[in-house]
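This report describes the strand pairing, core, disulfide and aromatic contacts of one structure. The sequence and the model are shown below.

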Amino acid sequence: QVQLVESGGGLVQPGGSLRLTCAASGNIFSIYVMGWYRQAPGKQRELVAHIISAGTTNYADSVKGRFTISRDNAKNTVYLQMNSLKPEDTAVYYCNADLRTTMFRRDNYWGQGTQVTVSS
């Protein structure tokens, strides 16, 4: 069994910063990709950023230059540093991991989500 636990969400003023953390635990053999998605009210869930085990990153155009994703492979943890936050960044942010629980089984897992609200 695998769990992804997010933390770090909250209320912040426009222009402010937040850091999200997601720790994966459980029966983990290896993790290939870890990432963050978000879903605003009335909208579809969208990719924010992801990072593969070797360190290559990918960002949504809307967050490039403002958000930074990083990863601690030894701790099975992924971070999302969010700077220059805008009201349109308001959403529930979900952690996602593409991982193996054994050498032969690969699955995709989601965290429970953490609310980020950008408002004055």
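## Aromatic cluster

Tyr37 is partly exposed, since its relative accessibility is 24%. The model in which this residue is described is a predicted one. Trp110 also counts as partly exposed, at 38% relative accessibility. The rings of Tyr94 and Trp110 are edge-to-face, because their planes stand at 85°, with the centres 6.5 Å apart. Tyr94 belongs to strand β9 and Trp110 to strand β10, so this pair ties together parts 16 residues apart in sequence. Tyr94 itself counts as buried, with a relative accessibility of 15%, a value that falls under the 20% limit for a buried residue.

Two aromatic pairs are found in a search of the whole structure. One of them joins Tyr37 to Trp110 in an edge-to-face arrangement, 5.0 Å from centre to centre and with 65° between the planes. Because Tyr37 lies in strand β4 and Trp110 in strand β10 (residues 105-110), the pair ties together parts that are 73 residues apart in sequence. Tyr37, Tyr94 and Trp110 form one aromatic cluster.

Strand β4 pairs with β5 in the antiparallel sense, over six bridges. Within this pairing, Tyr37 stands opposite Leu47 of β5. The two strands, β4 and β5, form a hairpin with six residues between them, and Gly42 in the turn has a positive phi of about 80°.

Strand β4 is also joined to β9, by nine bridges, and the two run antiparallel. Here Met34 has Ala97 in β9 as its bridge partner.

## The four-stranded sheet

Four strands form an open sheet in the order β1-β3-β8-β7, with antiparallel pairing. Strands β1 (2-7) and β7 (67-72) stand at the edges; each has a single partner strand, so one side of each is left without a neighbour in the sheet. From one strand to the next, the twist averages 15°.

Asp72 has Thr77 in β8 as its bridge partner.

In soluble globular proteins, nonpolar side chains tend to be buried together. The largest nonpolar core in this model has 30 residues, and those with the most contacts inside it are Trp36, Leu80, Met82 and Tyr93. At least two core residues are supplied by each of β1, β3 (18-26), β4 (30-39), β5 (46-52), β7, β8, β9 (91-102) and β11 (114-118). Strand β9 gives the largest share, five residues.

The surroundings of Met82 can be listed in detail. Leaving aside residues up to four places away in sequence, Met82 touches Gly16, Ser17, Leu18, Leu20, Arg66, Phe67, Tyr93 and Val116.

## Disulfide

A search of the whole structure finds one disulfide. It is formed by Cys22 and Cys95, whose sulfur atoms are 2.1 Å apart. Cys22 lies in strand β3 and Cys95 in strand β9, so the bond ties together parts that are 73 residues apart in sequence.

The torsion about the S-S bond of Cys22 and Cys95 is about -80°, and the disulfide is therefore left-handed. Cys22 counts as buried, at 0% relative accessibility. Cys95 is likewise buried, with a relative accessible area of 0%.

Note on methods: Residues numbered from 1 in each chain as written. Predicted model: local features only at pLDDT ≥ 70, side-chain atom pairs only at ≥ 80, totals over all residues. Heavy atoms only, no water. Pairing = 2+ DSSP bridges. Axes fitted to C-alpha atoms, helices over the stretch in contact; angles between N-to-C directions. Core = buried A, V, L, I, M, F, W, Y, C linked by side-chain atoms within 4.5 Å. Buried < 20%, exposed > 50% of the residue type's maximum accessible area, 1.4 Å probe, protein only. Contact = heavy atoms within 4.5 Å. Disulfide = S-S within 2.5 Å. Phe/Tyr/Trp six-rings, centres within 6.5 Å; stacked < 30°, edge-to-face > 60°.
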